[in-house]
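Here's a quick tour for anyone meeting this protein for the first time. Have a look at the sequence and the fold, then read on.

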Amino acid sequence: MSPKSIQNAFFASMTDPQAFRLMFDQQPNVFFFVKDRESRLIAASEPTWTRLGLEGEADAIGRLDEDFFPEQTAKAYRADDALVFRTGKPLINRLEVWYDEQRNLSWFLCTKLPVYDRRGKVIGVMGITRRDEERLRHHDVREVTAAVQYARQHIDRAVTTAELAKAAG
C-alpha cells in the first residue's frame, strides 16, 4: 500500500473530518479561521471567537470581517482573501493588524491557505493569525511603539511602509 493510500484510508475512517481544527483551540495566541468564497466565517477556533467578543463559534459563522473590524482593516483582509481565491497561492506570515488582549488593533502575522473542493476549485480560505514574538524581540521597543501608535492614529486609511519608517525614526 502506498503512503498516500495509507493516509487517505486513515482520513476517510475518521468520524469527524474537522477533528484537526480542535488542536487550534489548545494553542495559546493562535487564532484559526475558515472562510468561504464570500469571506464569511465558516469556522473559528475558541481563541478566535473569544477575541472577537463572541459567546461561541455559532455566533461567528456567516459573519464578515466588517462585522468586527474598522472598514479599512476589513477591506485589507478581504483583499488578501480575494488574492488567495484568484491565485490559489497561500499568503505566508503577512504582517497585519488584529485585536490584542485589550481589543486594540496591534501587529500580528497572518497565514492564509486556499481550501479546495473535490474538483480542485478554490472554495475558501483557512488561516491562522498569531503574534510575531520573535520579530518584536529584535526591535527597539520605542521604534515599534512609535510605528504602532502612528498606524493606530491613521487606522482610517492604508499606511505606507515609508510612513511607518519615518514615524519610527
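Buried residues make up 35% of the 169 residues in the protein; buried means under 20% relative accessible area, exposed means over 50%, and partly exposed is in between, with a 1.4 Å probe and protein chains only. This is a predicted model, where local features need pLDDT of at least 70 and side-chain atom pairs count only at pLDDT 80 or more, while totals for chains, interfaces and linings use all residues. Residues are numbered from 1 along each chain as its sequence is written, and side-chain values use heavy atoms, with hydrogens and water left out.

**The overall picture**

- The protein has seven helices and five strands, taken as DSSP runs numbered from the N terminus (helices are H or I with at least four residues, strands are E with at least two).
- Starting at the N terminus, the order of elements is α-α-β-β-α-α-β-β-β-α-α-α.
- Along the principal axes, the C-alpha atoms fill a box of roughly 60 × 30 × 30 Å.
- Of the contacts with a separation of 6 or more, 43% come from residues 24 or more positions apart; a contact means heavy atoms within 4.5 Å.

- E1 is mostly covered, with seven of its seven residues buried.
- In a regular strand the side chains alternate between the two faces of the sheet.
- Here, Val30, Phe32, Val34 and Asp36 point one way from E1, and Phe31, Phe33 and Lys35 point the other way.
- E1 runs antiparallel to strand E5 (residues 122-130), with seven bridges joining them; strands pair if DSSP finds at least two bridges between them.
- E1 is also antiparallel to E2, this time through three bridges.
- Phe33 has bridge partners in both: Gly127 in E5 and Ala44 in E2.
- The hairpin of E1 and E2 has four residues between the strands, and Ser39 there takes a positive phi near 65°.

**The nonpolar cores**

- The largest nonpolar core has 17 residues, and Leu41, Leu52, Leu54, Phe68, Phe69, Trp98 and Tyr99 have the most contacts inside it. Such a core is a set of buried Ala, Val, Leu, Ile, Met, Phe, Trp, Tyr and Cys residues joined through side-chain atoms within 4.5 Å.
- Strands E1 (30-36), E2 (41-44), E3 (91-99) and E4 (105-116) each supply at least two residues of this core.
- A second, separate core has five residues, including Val84, Phe85, Leu91 and Val125.
- Leaving aside residues up to four places away in sequence, Leu54 touches Trp49, Asp59, Ala60, Arg63 and Phe68.
- Thr48 sits in helix H3 (residues 46-51) and is buried, at 4% relative accessible area.

**Aromatic rings**

- There are eight aromatic pairs in the structure. Rings of Phe, Tyr and Trp (its six-membered ring) pair if their centres lie within 6.5 Å, and planes under 30 degrees apart count as stacked, over 60 as edge-to-face and the rest as tilted.
- Phe31 and Phe108 make an edge-to-face pair, 6.3 Å centre to centre with 70° between the planes.
- Phe31 lies in E1 and Phe108 in E4, so this pair ties together parts that are 77 residues apart in sequence.
- Both are buried: Phe31 has a relative accessible area of 3%, and Phe108 has 1%.
- One aromatic cluster is formed by Phe31, Phe69, Tyr77, Trp98, Tyr99 and Phe108.
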